[in-house]
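Open the model in your viewer and keep the sequence panel beside it. Each stop below says what to select and what is there.

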Amino acid sequence: MEEWEERLDVRTAELKRMSDYCGLTFLELEELPLNLYLMVRRDSWVSSMMKTEESREVLKAIMRLERRDADRNLKERGLLS
């Protein structure tokens with residue numbers, strides 16, 4: 001990130017992404033129960049990440065790191081104590 005980019009502070013960018021995703025206004029989003037708000041936030045982020053091949057690769061890496069069986073496989077091969 002360049003210096004001029006660091007000085008920009010876009011405080012509503014996440015709300016804008018969420019609003020575009022579900023069609024609710026900022027105020028409607030803030031009035032959602034917490035569990036629904038968090039679900040919309042997550043889903044809107046995933047949706048935005050699915051738009052480019054580079055972002056899709058990041059999602060793939062995240063999903064691979066979340067796999068529980070990966071640790072077991074490493075232990076079986078003696079690569080993890």
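Select Lys16 and Asp20 and show their side chains: they meet in a salt bridge, 2.8 Å from N to O. A salt bridge here is a side-chain nitrogen of Lys or Arg within 4 Å of a carboxyl oxygen of Asp or Glu. Lys16 and Asp20 are about one helical turn apart because they sit four residues from each other in helix H2. Helices (H or I, at least four residues) and strands (E, at least two) are DSSP runs, numbered from the N terminus. Lys16 is partly exposed at 44% relative accessibility, and Asp20 is exposed at 53%. For these words, buried means under 20% relative accessible area, exposed over 50%, and partly exposed in between (1.4 Å probe, protein chains only).

A note on what is on screen: this is a predicted model, in which local features need pLDDT of at least 70 and side-chain atom pairs count only at pLDDT 80 or more, while totals for chains, interfaces and linings use all residues. Residues are numbered from 1 along each chain as its sequence is written, and side-chain values use heavy atoms, with hydrogens and water left out.

**The whole chain**

Zoom out and colour by secondary structure. The chain has six helices and zero strands, so the order of elements from the N terminus reads α-α-α-α-α-α. Of the 81 residues in the chain, 12% are buried.

**Other salt bridges**

How many salt bridges does the structure hold? There are five. Select Arg42 and Asp43 next: their closest N and O atoms are 3.2 Å apart, and the two form a salt bridge. Arg42 is exposed, with a relative accessible area of 53%, while Asp43 is partly exposed at 24%.

Move to Glu57 and Lys60, whose side chains meet in a salt bridge of 3.7 Å, N to O. Both residues belong to helix H5 and lie three residues apart, about one turn of the helix. Glu57 is partly exposed, at 37% relative accessibility.

Then select Glu14, Arg17 and Arg41 together, as salt bridges link these three in a network.

**Helices H2 and H4**

Two packed helices are described by the angle between their axes and the distance between the axes. Show H2 and H4: they pack at an angle of about 85 degrees, with their axes 9 Å apart. Axes are lines fitted to C-alpha atoms, for helices over the stretch in contact, and angles run from 0 to 180 degrees between N-to-C directions. H2 and H4 are therefore roughly perpendicular to each other. By the cut-offs, angles under 35 degrees are roughly parallel, over 145 roughly antiparallel, 65 to 115 roughly perpendicular, and the rest oblique.

On the H2 side, the contact (heavy atoms within 4.5 Å) is made by Glu14, Leu15, Arg17, Met18, Tyr21 and Cys22. On the H4 side, select Tyr37, Val40, Arg41, Asp43, Ser44, Trp45, Ser47 and Ser48. These residues divide into seven nonpolar, three polar and four charged. Ala, Val, Leu, Ile, Met, Phe, Trp, Tyr, Cys and Pro count as nonpolar, Asp, Glu, Lys and Arg as charged, and the others, Gly among them, as polar.

**The nonpolar core**

Which residues make up the largest nonpolar core? Select Leu15, Met18, Leu29, Tyr37 and Val40, five residues in all. Such a core is a set of buried Ala, Val, Leu, Ile, Met, Phe, Trp, Tyr and Cys residues joined through side-chain atoms within 4.5 Å. H2 and H4 each supply at least two residues of this core.

Centre on Leu29. Not counting residues up to four places away in sequence, Leu29 touches Leu15, Met18, Ser19, Cys22, Leu24, Tyr37 and Val40.

From there go to Ser19, in helix H2 (residues 13–22). Is Ser19 buried or exposed? Ser19 is buried, with a relative accessible area of 16%. Leaving aside neighbours within four places in sequence, Ser19 is in contact with Leu24, Thr25, Phe26 and Leu29.

**Helices H4 and H5**

Last, show H4 (residues 34–49) and H5 (residues 53–66), whose axes come within 8 Å and cross at roughly 125 degrees. That angle makes H4 oblique to H5. Select Trp45, Val46 and Met49 of H4 with Ser55, Arg56, Val58, Leu59 and Ile62 of H5 to see the contact. By class it has six nonpolar, one polar and one charged residues.

Finish at Val46 in helix H4, which is partly exposed at 23% relative accessible area. Val46 and Arg56 are ten residues apart along the chain, and their C-alpha atoms are separated by 9.2 Å.
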